Amino acid sequence: MNSLIKNNTGVITIFKNKSEQEAKEEILNMVSEYAKEYHNQEKPFEKGDKISYASRVYDDKEMTNLVDSALEFWLTAGRYTNKFEEEFSKYLKIKHCSLVNSGSSANLIAFMTLTSPLLGDRQIRRKDEVITVAAGFPTTVAPMIQYGAVPVFVDVTIPQYNIDVTKLEEALTDKTKAVMIAHTLGNPFDLEHISKFCKDHNLWLIEDNCDALGSTYTINGKEKLTGTIGDIGTSSFYPPHHMTMGEGGAVYTDNDLLHKIIRSFRDWGRDCQCASGEDNHCGNRFTLKYGELPVSYDHKYVYSHFGYNLKATDMQAAVGCAQLEKFPSFVEKRRKNFNKLKEGLSTLEDKLILPKPVENSNPSWFGFMITVKDGQNRSEIVQYLEDHNIQTRMLFAGNIIKHPCFDEIREDNSKYRVVGSLDNTNKIMEDTFWIGVYPKMTDEKIDYMINCIKEFFNNN
């Protein structure tokens with residue numbers, strides 16, 4: 001603060017006689033001190049304090065990265081984006097990562113990538129079918145319907161809350177081109193069974209990994225991170241998720257061709273692979289012919305897909321770089337909190353169905369799912385918890401088919417299909433909720449949630 005000088009008009013002149021780099025370092029040091037003084041000042045938990053289902057976990061590093069990026073004022077994707085994509089790929093042990101502006105955009109790009117003509121016979125065309133589930137988040141399904149593909153809904157299992165793999169063969173037709181499903185609240189779906197099913201039938205597999213970053217699954221004797229076993233994985237960095245950029249997401253793959261298409265759809269649909277501010281990466285900017293364009297048309301303005309602009313800003317990426325350094329500790333804390341909740345509620349298994357990890361998995365839990373057994377009332381226990389300042393959440397849509405967005409197509413069998421019954425999906429819609437396990441959840445908060453749930457049943 002000694003470098004602040006106030007002139008006669010009351011305007012503060014900052015960093016007089018300092019170089020730009022010295023001034024920048026001074027600013028970042030002050031930001032760090034500000035963050036330490038005014039952010040993350042945790043007070044001891046007291047009964048009645050609100051317990052959120054999720055929360056950002058950050059310190060001064062995220063804030064100084066954010067300001068560092070702002071001072072550079074590049075704004076769009078830049079050096080922090082490049083760093084994040086490189087470091088995230090290393091963490092996942094996968095070749096390619098593309099940063100985008102949200103997890104929903106990640107799902108959109110992942111699906112649209114499979115509609116590219118560059119994929120030949122494996123291209124998803126309108127009226128082709130994609131196997132998925134109705135118990136989950138809407139933006140796993142929305143891209144299929146928006147494009148004109150047909151989602152085929154299969155029921156899920158309880159207490160894993162993932163797709164019932166025994167229904168896959170029944171869902172298969174000669175129009176099936178892909179399986180696109182999420183790992184529910186961090187619990188991986190049966191990747192061994194589904195990967196084999198997709199391989200046997202030459203289907204694409206998209207892993208919606210938005211709620212499961214850090215989860216692992218052992219397949220063919222090798223433990224791998226979820227999102228890296230299928231053809232494409234997606235992540236979300238919205239504040240409640242496993243790590244955050246505020247808004248943000250990622251699409252990742254080991255397939256070089258899919259990566260090229262992902263980048264095209266993310267970046268306006270262009271054919272050019274040049275980074276922002278770069279020219280002539282391919283060495284043929286003015287020499288080739290594309291479509292019905294004239295020879296030598298500028299390759300930077302050739303479009304091979306009907307794409308979007310879904311890039312994130314470098315300021316978002318700057319926050320993500322700091323988060324990624326902390327991320328492994330987030331996963332371990334989520335697992336610890338989940339286990340403490342499960343142990344504490346184990347005496348209520350005559351009234352509640354508690355979540356169960358899928359075989360061969362080690363989940364990075366997003367939340368703690370609870371299904372009330374027959375004779376119990378979800379609404380009453382949820383209201384009791386909310387009245388005691390404990391946030392609860394449903395399993396997102398519950399059953400997406402029941403929502404108003406389906407009103408106009410509910411009777412149109414050409415828009416979607418349902419295989420068998422969705423009994424468990426409907427039970428989840430009626431009887432399931434979840435509470436938080438995020439990394440800043442203290443033992444005192446978890447004990448309070450356990451005691452409140454027990455008190456509810458003791459009082460009823």
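This is a predicted model: local features need pLDDT of at least 70, side-chain atom pairs count only at pLDDT 80 or more; totals for chains, interfaces and linings use all residues.

Biologist: What radius of gyration does the protein have?
Modeller: The radius is taken over C-alpha atoms, and the globule rule is 2.2 Å times the number of residues to the power 0.38. The C-alpha atoms fill a box of roughly 75 × 65 × 45 Å along the principal axes. For 460 residues a compact globule would be near 23 Å, and the protein agrees with this at 24 Å.

Biologist: What percentage of the residues of the protein count as buried?
Modeller: Buried means under 20% relative accessible area, exposed over 50%, and partly exposed in between, with a 1.4 Å probe and protein chains only. The accessible surface, from the Shrake-Rupley method with a 1.4 Å probe, where for residues only the protein chains shown count as cover, comes to about 21600 Å², and 49% of it belongs to carbon and sulfur atoms. Of the 460 residues, the buried share is 53%.

Biologist: How many helices and strands does the protein have?
Modeller: Both are DSSP runs numbered from the N terminus: helices are H or I with at least four residues, and strands are E with at least two. On that basis the secondary structure comes to 12 helices and 16 strands.

Biologist: How many of the residues of helix α4 are buried?
Modeller: Helix α4 spans residues 103–113 and is mostly covered. Its buried residues include Gly103, Leu108, Phe111 and Thr113. The count of buried residues in α4 is 10 of 11.

Biologist: At the start of α4, which residue has a side-chain oxygen that reaches the backbone nitrogen of Ser104?
Modeller: A polar contact is a pair of N or O atoms within 3.5 Å; within protein, one must be able to donate a hydrogen and the other to accept it, and residues adjacent in sequence count only if both atoms are side-chain atoms. Here the oxygen comes to within 3.4 Å of that nitrogen, and the residue that supplies it is Ser102.

Biologist: Which side chain makes a polar contact with the side chain of Thr432?
Modeller: Thr432 lies in strand β16 (residues 432–436), and it counts as buried because its relative accessibility is 0%. Contact means heavy atoms within 4.5 Å, and beyond four places in sequence Thr432 is in contact with, among them, Tyr161, Met369 and Arg378. The polar contact, at 2.7 Å, is with the side chain of Thr371.

Biologist: Which residue has its backbone oxygen 2.7 Å from a polar atom of the side chain of Ser215?
Modeller: Ser215 occupies the loop between β7 (204–208) and β8 (216–219), and it is buried because its relative accessible area is 0%. Its contacts beyond four places in sequence include Pro188, Lys224, Arg335 and Asn362. The backbone oxygen at 2.7 Å belongs to Gly186.

Biologist: Which residue does a cis peptide bond join to Ile158?
Modeller: The residue is in the loop between β5 (150–154) and α6 (168–171). Omega of the bond is about 20°, and the partner of Ile158 is Pro159.

Biologist: Is Asn220 buried or exposed?
Modeller: Asn220 has a positive phi of about 55° although it is not a glycine. Its place is in the loop between β8 and β9 (222–225). At 72% relative accessibility, Asn220 counts as exposed.

Biologist: What is the relative accessible area of Asn360?
Modeller: Asn360 is found in the loop between β12 (352–353) and β13 (361–362). Its phi is near 75°, a positive value in a residue other than glycine. Asn360 is partly exposed, because its relative accessible area is 37%.

Biologist: How far apart in space are Ile401 and Gln383, C-alpha to C-alpha?
Modeller: Ile401 sits in the loop between α10 (378–387) and β15 (417–418), and it is buried, with a relative accessible area of 8%. Beyond four places in sequence, Ile401 touches Phe153 and Tyr416, among others. Ile401 and Gln383 are 18 residues apart in sequence, and their separation in space is 25 Å.

Methods
Residues are numbered from 1 along each chain as its sequence is written. Side-chain values use heavy atoms; hydrogens and water are left out.
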